[in-house]
Amino acid sequence: MNLEERISRHMERLFEHAQDTTANRELKEEIHSNLTARVEDYIDQGMSEEQAFEKAIQHIAGLDQIMSDQHQVQRFPYWTAVLQSALIYCLIAWIITIPMRVLMEGKIVNFWLMIASALVGGAYLLYMWSNRERQRNAEATTTVIRSTTLRKWTRIAWWMWGALILVLWSTQAALRFGSNIWYSRPVQVEGPYQFAVLVIAFVIPLLTIIVPLVVQKAGRLVREFEVGEIRG
């Protein structure tokens, strides 16, 4: 078996479980060319064909991971679903904060959630209108989503949200109970109104969970709208 046959056989084995899509065929050709060039470079440096081949394939050992990282999804339905999810989360947050309007802080939060819902809803309608021609053939247009990048941003979003909550809760605790703790005085909550004010102050930061939820939802929707073939 000559060198070209070994490389071709290795590539066939590497892609044997991959879908027969245009993207995978192009990826296969690209890696085949890179692998051949790398082997030739090693041979020019004085290695035997066997040594050059073995060393070259070590550099593409993680190819299966690279392939599984790329997902071809229907672009219009995917982004429509992401915007719908963002809109639903904003509306839910807006609705559950309506009872908070009895307090000034609650009114402010409820107002801004209404604005956020209107903005996301406007973006959703604008996206639907600007892509009205593609709706007739929505499955034909696709885009590539990298799952590792999405998972990375999901982790970052949750970590940032957790840090934000910690900072805001610590700030609220310091402002409201700092002097009590410093002078060893008991914390007193006089009446339901003060209790409601206290609860709302700690609940409001939790509403920012909308951001990591949307990012996480975008990752889950990839599988729902993933396609096996590139079209158009």
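Which hand does the crossing have where α5 passes α6? I looked, and α5 passes α6 in a left-handed crossing. For the hand I used this rule: left-handed if the near helix is turned anticlockwise from the far one by less than a right angle, right-handed if clockwise.

**Ground rules**

I am working on a predicted model, where local features need pLDDT of at least 70, side-chain atom pairs count only at pLDDT 80 or more, and totals for chains, interfaces and linings use all residues. Residues are numbered from 1 along each chain as its sequence is written, and side-chain values use heavy atoms, with hydrogens and water left out.

**Overview**

I found nine helices and two strands in the protein chain. Both kinds are DSSP runs, numbered from the N terminus: helices are H or I with at least four residues, strands are E with at least two. Along the sequence the pattern reads α-α-α-α-β-α-α-β-α-α-α. The protein chain has 232 residues, and 33% of them count as buried. Buried means under 20% relative accessible area, exposed means over 50%, and partly exposed lies in between (1.4 Å probe, protein chains only). I also checked contacts, meaning heavy atoms within 4.5 Å. Among those between residues at least 6 apart in sequence, 79% join residues at least 24 apart.

**α5 with α6**

Two packed helices are described by the angle between their axes and the distance between the axes. The axes are lines fitted to C-alpha atoms, for helices over the stretch in contact, and angles run from 0 to 180 degrees between N-to-C directions. Helix α5 covers residues 75–96 and helix α6 covers residues 104–130. Their axes come within 9 Å and cross at roughly 165°. α5 and α6 are therefore roughly antiparallel to each other. My cut-offs: under 35 degrees is roughly parallel, over 145 roughly antiparallel, 65 to 115 roughly perpendicular, and the rest oblique.

I listed who meets whom. The α5 side includes W79, L83, L87 and W94, and the α6 side includes L113, V120, Y124 and M128. The residues of this contact of α5 with α6 divide into 17 nonpolar, five polar and one charged. The classes: Ala, Val, Leu, Ile, Met, Phe, Trp, Tyr, Cys and Pro are nonpolar, Asp, Glu, Lys and Arg are charged, and the others, Gly among them, are polar.

**S117**

S117 lies in helix α6. Is S117 buried or exposed? S117 is buried, because its relative accessible area is 7%. Leaving aside neighbours within four places in sequence, S117 is in contact with L87, C90, L91 and W94. The S117 side chain reaches the backbone oxygen of C90 at 3.4 Å.

**α5 with α9**

I then turned to helix α9, residues 210–224. α5 and α9 pack at an angle of about 150°, with their axes 10 Å apart. They are therefore roughly antiparallel to each other. This crossing is right-handed. From α5, residues including Y78, V82, Y89 and A93 take part, and from α9, residues including L213, K217 and L221. By class, the contact of α5 with α9 has 13 nonpolar, one polar and one charged residues.

**α1 with α3**

Helix α1 is residues 3–14 and helix α3 is residues 49–58. Their axes come within 11 Å and cross at roughly 25°. α1 and α3 are therefore roughly parallel to each other. The crossing of α1 and α3 is right-handed. L3, R6, I7 and H10 in α1 meet E49, E50, F53, E54 and I57 in α3. I sorted the residues of this contact: four nonpolar, one polar and four charged.

**N131**

Where is N131 placed? I found N131 in the loop between α6 and β2 (142–146). N131 counts as buried, at 6% relative accessibility. The side chain of N131 reaches the backbone oxygen of Y127 at 2.8 Å. I also found a polar contact between the side chains of N131 and S130 (3.2 Å). A polar contact is a pair of N or O atoms within 3.5 Å; within protein, one must be able to donate a hydrogen and the other to accept it, and residues adjacent in sequence count only if both atoms are side-chain atoms. N131 and F76 are 55 residues apart along the chain, and their C-alpha atoms are separated by 7.6 Å.
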